[in-house]
Each structure stands twice: as C-alpha cells, then as structure tokens.
Amino acid sequence: MRQAKRWAAILTALMLAVSLLSACGGGKANDPGSGGDAGGSGESRESRTETGESNAGTGGDAKAPEPEPPMEISIMLPIFKTNYPSDDSPVVQEINKRANVKLHFEWVPNSSYTDKFNITLASGKLPTIIYVPDVKNPNFVNAVRAGAFWEVGEKMKNYPYLSQANPVIMQNSSIDGKNYGVYRGRALGRNGINYRKDWLENLGLEPPKTIDDFYNMLKAFKEQDPDGNGKDDTYGMVLVKWTGQWASGFDIIKLWFGAPNKWGVVDGKLVPEHETPEYLEALRFMKKLYDEGLINQDFAVFDSAKWNDPVVNGQAGVIVDVTDNAARLDDAIHRMLAEQGKDQPDVHFVDNMIGVVGDHGLRALPTSGFAGLLAIPKSSVKTEEELDRVLAFLDKMNEPEMQTLANFGIEGVHYTVEDGYAVRISDTVKLESEVEGLNQMLPFIPEDQGLKVKQTPLRIKTEELQKEAEQYVVPNPAEPFISTVYSQKGQQLDNIINDARIKYIVGQIGEEELLKAFETWRRSGGDDLVKEMNELYAAANR
C-alpha cells in the first residue's frame, strides 16, 4: 500500500510539471516579442485568416510565418522634365512601404527614350519592368517572339484590378493575340464632335442627333451668320491634312455610316474598309460637304498645328476629333476675348458629343486605349513566383490611394485637399524632384480612380462622355497583328487610298476612277496584305 501511494505521488508531480510547461508554452505564443498577434512578425491578423491559419487551430504553439522581405524592383521609364524623383524621395519610400518593395528608377528623357529602349533591349541587361512605348516596335516584337518577355494576359485575371482590364485594349496591345505587358490605360472613347455652342444657340438650334442634323448644322454655320457680324465669313467644319490616321475627321465620320474601323469581318474573313459599300457612302457625304463649301477647301494641305485656329477665330464651327479638345478650344476663346475685354468667364463657348446616329446606330472610333506597355523581361524576373510578385505590385498601384500617391505625393507635404480636390503646392522644384514622373508607372486599370484637381463643367462632362463612349466604340479586329507585308509596303498602299479619296472629294476623279484606284491597291500588294492578315486572323481564332 505504501509503495502504491509513493507511485501515485510521483505520477501527480510529473503531471503537474507537464501542466506547468504547457502553461509556459501557451503564454509564449501571445508574448508581443514572440511574433504573436501583437504584431511582432509584422503580419496582420487578417492576412493569417486568409491563409487559413488561426490561434484556435494551433494550440498556441505555432509561430506566425516570417514576412516576405521587400522585393527589389527596377523600372525604366520616360521623364518629361530635367528634374525627377530619386530613389530616396519620400514619395518613393512611402510607395515602398505600402507595397513591400524597394524601387529603383532608371529615368530616360522622353525625347530619346526610343533610342535608349532599343539599346537596352539589345544589351540584354534589362530592368525588372521596362516601359515599351510602341508595342509594334520590331525590336520588341522580335524579342517577344524569341521568348524574352513574360506573357501576362492570363495571369492578370488573378488580380483584383488587373482582372478588370478592358478586352478591347487587351486586344489592341497584344502581339500575335497574346499580351506581353500590362498596358497603361488611356481613354478609349476619346473621339467625337466639338462644336461652337454659342453659334448653335444664336441660331436657335439643338445639338445634332442624326447625320442629317449634323449636315444641317454645318449648313447653318455657313449660311445663317452664326456669329451675327452680318458677313458671309463662316463655314461648318475644319479638316486638316488627309493622313488616314485614327485622328482623321473622316475616320470618325465613316463609322456613322456603318463602315468598319480599318478592317471589317464579312463571312468570317477580314475585308479592308475601303472595299465596303458603307465606306463609299461616307466618301459621298464628304464630297457633298466639300462641294457645298461646308468644309475648308484647303483641307488636303491644312497644317494640323493650326487645326484649332479657325474655330477660335470665329471662322469654323466644328472640329471632329478628340472630345477633350473642346476644353482647349474653350480656353483659347476665353483668352482671346479677355485680351479684347469681352470675356464671359462663366460661359462655355464650346461643347462636345460622342457622335450622331446613322442607320447602324451610334458608333464611335476608339483610340488604341493605351499609352505603351509595362513589360517584364524573363532575364531579370526568372521565376513565376517572382512574376507574381511583380504583377501584384503593378496591381496595387491601381488602388485609388496609390494612384493619388504617385500622382500628387503625400498630403500636407506636396498637396492639400480643398472641397474634395487636390491642390498642389507651389514649390515646383520639390514637386519635380519628389513626385512628378512617378505616375508613368501607373497602369490606370480599370481607370484613374485617384484624387483629381478641380475640373470645369466642360471637363467634367468630357470625362463622363469619354467613359460613356466606350460602349459604342468599333474595334479594329486586325489591331493585334504584325504584318510583314505592311511593314514593307504599308506606306505605298496607304498613299494609294489617301490620294484617291482626296481626288474624289475635290472632284478631280469620279467614282469609276476611285474604284480603279482600289483595284490598283490590290495589285500593288493589297492582295498579299489581305491574304496575310486573314492567315493571322484565322490563327488567332482557332
């Protein structure tokens, strides 16, 4: 009996010791210095919850995982001024802190960026992220096809902001149907109509809704003395040199008639725009405007640098171009009137709209929707794990707070907030050396959601208008393709079409000669181009 009691006492003592040791271990897990909930590890309670970890499931013994060290990221970007933020700028340091990175910037003057880009590409010594100004740059295309850059289109779907990328812009910024960089978003629906609002009101007219209304507005601006000076010195619309680029007035107007944007799809095949009946109908409309003097008769040689002058000087009433030009026109008219002592500061003399409706509904010409790419080389980002962290950084830069930080800097240091708008400090040297230029790394996906400077009513309307226009844009289905034929003969082929349509509009040739010119285009390489583009189109849609 005595022996049994002694063993019982020993067992009780052992159990007590084990209990005390367990109590010490449990207390250690909640010690602020041990990496528990009090924050010793630097990891938030929320982040552990997301990974499925909790104190309840560990018995108090598990240690929180070590935080990831900041990722070193080098970025090559253009700069538009002689001063620029250094790596130790307080704004850069704040970005580092919030994004858990360590940034190093390679700033290149914008005027020489393309040369520097090509030299850097050839050297093979690439940064973590490199800005690509032209996705169709042959050197970049060749590097992509050689496997030098990560394809990111599929991975972008894994991130809260990058996953909201516009599919039209993704197509426009792709190479061979795939995306080798994160695009820097710009307004896709920029193009539309700018018109003299005061002229329209003077004549008692409403903004045009249809193509016929648009024609009648131009006719009224020419014939009904819209400025009230009693002289026959006005006309409807000013056009500039006929280049056939996306900013051409005709390239916007042709869509109103149902013409495609560069290339159309008919029975599953790509067809050049000028071979569609809708394109010819639009050309007939332009000829009518010319014949009736509703557009400037020297449009074919009119310098685009002077595009705004006739509207500001009270000669023309309409420009078909980017809708944000309305605010610049309006500002210029105010400056001119102020010099004459006749300004009305609270009046908008210019207004804008997306377009007018034809038989095919409201249709708008998109821009490409982006200003270059932020590409990630495989030579500097060697694993998918590293790629994921770089994309996570670019995704984070789309947060409204991060956009504001890169755009304006630190509140109270670089700007203040008044009535909900950012007001920058007047110290331009401080702004240039600590803030300006950092927004060059912002993708703006899905859009610019950061703080804004105070806007005029016209600018506010323009921003809303451009957003609305996105639902009406007509994409170019061949935008992503790189054509060997076009790189060799594109200028010659474009000149054939541009020359023919100018001659047709001004009456130097008739419709029969116009169609013969289209046949000449085919014989001069157009057949080869159509064949190649359709092969690319078919391959991308398999």
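Trainee: Where is K262 placed in the chain?

Mentor: K262 is in the loop between α9 and β7. The helices are DSSP runs of H or I with at least four residues, the strands are DSSP runs of E with at least two, and both are numbered from the N terminus. Residues are numbered from 1 along each chain as its sequence is written, and side-chain values use heavy atoms, with hydrogens and water left out. The model is predicted: local features need pLDDT of at least 70 and side-chain atom pairs count only at pLDDT 80 or more, whereas totals for chains, interfaces and linings use all residues.

Trainee: Why is K262 called partly exposed?

Mentor: Buried means under 20% relative accessible area, exposed means over 50%, and partly exposed lies in between (1.4 Å probe, protein chains only). K262 has a relative accessible area of 28%, so the residue is partly exposed.

Trainee: What is the phi of K262?

Mentor: The phi of K262 is near 75°, a positive value in a residue other than glycine. Most residues other than glycine have a negative phi. N100, in the loop between α3 (90-99) and β2 (101-109), also has a positive phi, near 55°. At a relative accessible area of 29%, N100 is therefore partly exposed.

Trainee: By the same rule, how many bridges join β5 to β10?

Mentor: Four bridges join β5 (residues 191-196) to β10, and these strands are antiparallel. The bridge partner of I193 in β10 is M353. From β10 (residues 350-353), V350 and N352 point one way and D351 and M353 the other way; all are buried. In a regular strand the side chains alternate between the two faces of the sheet.

Trainee: Why is the pair of F214 and W256 called edge-to-face?

Mentor: Rings of Phe, Tyr and Trp (its six-membered ring) pair if their centres lie within 6.5 Å; planes under 30 degrees apart count as stacked, over 60 as edge-to-face and the rest as tilted. By this rule there are 14 aromatic pairs. The rings of F214 and W256 lie 5.0 Å centre to centre with 80° between the planes, an edge-to-face pair. F214 in helix α8 (residues 211-223) and W256 in helix α9 (residues 249-256) are 42 residues apart, and the pair links distant parts of the chain. F214 has a relative accessible area of 0% and is therefore buried; at 1%, W256 is buried too.

Trainee: Which residues do ring pairs link into a cluster?

Mentor: The cluster consists of Y113, F117, Y131, F140 and F149.

Trainee: What makes a set of residues a nonpolar core?

Mentor: Such a core is a set of buried Ala, Val, Leu, Ile, Met, Phe, Trp, Tyr and Cys residues joined through side-chain atoms within 4.5 Å. The largest has 71 residues, of which I95, L103, F140 and F393 touch the most other members. Strand β1 (residues 71-79) gives the most to this core, with six residues.

Trainee: How do you know where this core lies relative to domain 2 and domain 3?

Mentor: Domain 2 (71-186 + 371-408 + 434-446) and domain 3 (191-365 + 452-481) both give residues to the core, so it lies between them. The domain bounds come from an automatic or database domain assignment. Leaving aside neighbours within four places in sequence, F393 is in contact with I73, I75, I95, A99, V101, L103, I129 and M441. A second, separate core of 59 residues includes L203, I295, M353 and L529.

Definitions and conventions:
Contact means heavy atoms within 4.5 Å. Two strands pair if DSSP finds at least two bridges between them.
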